[in-house]
Every structure is written in C-alpha cells, then in structure tokens.
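Me: I have a model open and want to learn how to read it. Can you take me through a few features, one at a time?

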Amino acid sequence: MKIDVLSLFPEMIKASMSESILKRAIDQNILNITFHQIRDYSEDKHKKVDDTTYGGGSGLVMRADVLDKALSTIVNYGEPHIIYFSPRGNKLAQKRVEELAKIDHIVMICGHYEGIDQRIIDRYVDEELSIGDYVLTGGELPCAVTIDAISRYLDGVLGTSASLEEESFTDNLLEYPHYTKPSDYKGDKVPDVLLSGNHQNIEKWRYKESLSLTYQRRKDLFYKHVLDVLQRGDKKELKGLSEAVIEMELEE
Ligand code: 4HQ
C-alpha cells in the first residue's frame with residue numbers, strides 16, 4: 001500500500017512509525033509512505049502557508065493555492081483516495097479501517113490552525129475522517145492513528161491471521177481478560193479454567209466474560225452482537241449465547 005502524507009509537521013507522524021510493527025512493515029515495503037512538507041509548496045518569500053479567515057474572526061486557515069500545488073503534483077501520479085482529518089468527518093471505526101486497508105493508494109492531508117480552505121475539501125477530498133469527538137491541534141495524530149490501524153490488515157504485517165480473526169469489534173464484543181505468568185501474582189490467581197487445558201470450557205468462559213463485559217460497558221455493541229447471532233441463526237451459536245446469558249450476572 002502507498003500512502004502520501006501532507007503535513008507541516010511530518011516528524012510527528014514519522015516518530016510513530018520508527019519502531020516495532022510499523023517500522024518492520026515499512027522496512028519490508030509492505031507499506032510505502034512518502035511525506036510531503038506542505039511548506040515546500042509555498043511560493044511566498046516567507047514560505048507562508050496560512051492566512052487570516054475571510055469574514056473575520058480569530059485563527060488562521062491553510063491556503064488553497066499552497067495545498068493545490070502539493071496535491072496536484074501527487075494526484076498527477078494516479079487516482080488516489082484523498083482523506084482529510086477533521087472532527088466533522090465520519091468517526092473512524094474498525095469496519096472502515098478494514099476497507100481502507102484494501103485501497104492501493106491513499107493521500108492523507110493533515111491540517112493545522114483552524115483547518116484548510118473549504119475549496120480544497122470541495123475540489124479534492126473524497127472522505128473527511130475523525131478519530132473522535134475532541135479537538136486536537138492538528139491532523140498529525142489522527143493520521144498516525146489511522147495508518148497504525150490500517151497496517152494491521154496488510155498482508156504480512158501481523159504474524160498470524162488468527163490474531164485478526166479473534167479480535168474484538170469484528171463480532172461486536174469486547175475482549176475477555178488475558179493472563180500470563182506468573183499464575184500466582186501476590187496471591188492473585190489466574191482463573192482455574194485457564195489452567196485446566198479443557199479448550200471447550202476455556203472458550204465458553206472467554207465468551208461469557210466477553211459478553212458480560214460488553215453488556216456492562218457497551219450496551220450498543222451487546223445488542224448488535226445478539227442481533228448478529230439471531231440473524232445468522234446458527235443453532236450451536238444460539239445455544240452458546242443463551243447459555244452464556246443465563247449464566248451471566250445481569251445486575252444493573
Ligand atoms: N482536528 N479527528 C485538524 C481534530 C481531528 C479529530 C482539529 C483536525 C484541528 C485542523 N481530526 N484540525 N478529532 O481534532 O480528526
């Protein structure tokens with residue numbers, strides 16, 4: 001996958017991929033990221049990229065002509081999917097991450113100050129994305145978050161596909177608790193069932209834990225999961241769900 005990133009602070013994003021899994025994906029050429037310093041496209045003698053907003057008010061807006069220069073150069077090389085990070089966008093969730101991972105070429109625009117001139121959004125941007133309902137100083141962290149989430153779906157990035165299949169959100173459930181050595185930590189023991197070696201019981205326990213946690217913390221996901229199971233209509237799955245719900249502690 002090829003990603004072009006437009007930013008005034010590319011080092012912020014680079015830092016997030018200079019280690020661990022993302023670094024390996026880049027070294028192995030699974031992920032090819034090019035950073036474009038927006039300031040380099042300013043023709044102003046002071047390399048200005050922003051200006052005051054028409055209509056008045058405080059805050060600066062990133063200029064359309066500067067961004068156009070940067071974008072028209074990149075877009076020349078094909079038909080990339082262009083993303084702009086903004087709290088106005090659709091909130092990024094796992095389903096969209098999975099879809100984005102299938103796109104060959106993405107351009108990500110990171111704004112600063114009050115954002116970018118609307119005419120750039122109208123002319124170039126295919127998708128506005130938000131990573132949550134809070135206000136950041138720039139689009140660099142949303143960009144880093146999005147690339148990180150996407151990378152996990154690229155072939156060869158994660159060790160096994162099992163880790164992707166098992167994970168939460170795909171089936172609308174939160175993850176069950178995980179434990180590792182030591183089995184006795186300051187008197188706090190790992191649940192017996194996990195040491196039993198009985199895989200059927202372990203699977204049931206984990207499902208019940210996932211269900212209870214989801215019920216307690218995320219009713220919205222819990223009902224989605226129940227609806228999914230009902231719609232699939234798989235007898236074994238339905239039995240598993242009803243047994244787990246009966247054994248669950250449903251106190252409010
Ligand atoms: N921004 N999710 C960039 C955000 C944001 C978010 C605020 C984006 C400032 C210029 N982006 N502008 N939340 O808070 O994506």
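Reply: Start with a strand pair. Strand 1 (residues 2-7) and strand 6 (residues 105-109) run parallel and are joined by five bridges. Strands (E, at least two residues) and helices (H or I, at least four) are DSSP runs, numbered from the N terminus. Two strands pair if DSSP finds at least two bridges between them. This is a predicted model: local features need pLDDT of at least 70, side-chain atom pairs count only at pLDDT 80 or more, and totals for chains, interfaces and linings use all residues. Residues are numbered from 1 along each chain as its sequence is written, and side-chain values use heavy atoms, with hydrogens and water left out.

Me: Which residue of strand 6 is the bridge partner of isoleucine 3?

Reply: Isoleucine 106.

Me: What is the strand order of the open sheet?

Reply: The five strands are ordered 2-1-6-5-7, with parallel pairing. Strand 2 (32-37) and strand 7 (127-130) are the edges; each has a single partner strand, so one side of each lacks a neighbour in the sheet. From one strand to the next, the twist averages 30 degrees.

Me: How many bridges join strand 5 to strand 7?

Reply: Five, between strand 7 and strand 5 (residues 81-91), which run parallel. Phenylalanine 85 stands opposite leucine 129 of strand 7. Now the side chains of strand 7: Glu127 and Leu129 point one way, Glu128 and Ser130 the other, and all are buried. Buried means under 20% relative accessible area, exposed over 50%, partly exposed in between (1.4 Å probe, protein chains only).

Me: Is threonine 146 buried or exposed?

Reply: Buried, with a relative accessible area of 0%. Threonine 146 sits in helix 6 (residues 140-151). Its contacts (heavy atoms within 4.5 Å) include Phe85 and Leu129, leaving aside residues up to four places away in sequence. Also among them are Leu92, Leu100, Met108 and Ile131. The side chain of threonine 146 also reaches the backbone oxygen of proline 142 at 2.7 Å.

Me: How are two packed helices described?

Reply: By the angle between their axes and the distance between the axes. Here, helix 9 (residues 199-217) and helix 10 (residues 219-232) have axes that come within 6 Å and cross at roughly 130 degrees. Axes are lines fitted to C-alpha atoms, for helices over the stretch in contact; angles run from 0 to 180 degrees between N-to-C directions. That makes helix 9 oblique to helix 10 (under 35 degrees is roughly parallel, over 145 roughly antiparallel, 65 to 115 roughly perpendicular, the rest oblique).

Me: Which residues make the contact of helix 9 with helix 10?

Reply: Helix 9 gives Tyr207, Leu211, Thr214, Tyr215, Gln216 and Arg217. Helix 10 gives Lys219, Leu221, Phe222, Tyr223 and His225.

Terms used:
Polar contact = N/O pair within 3.5 Å; in protein donor to acceptor, adjacent residues only side chain to side chain.
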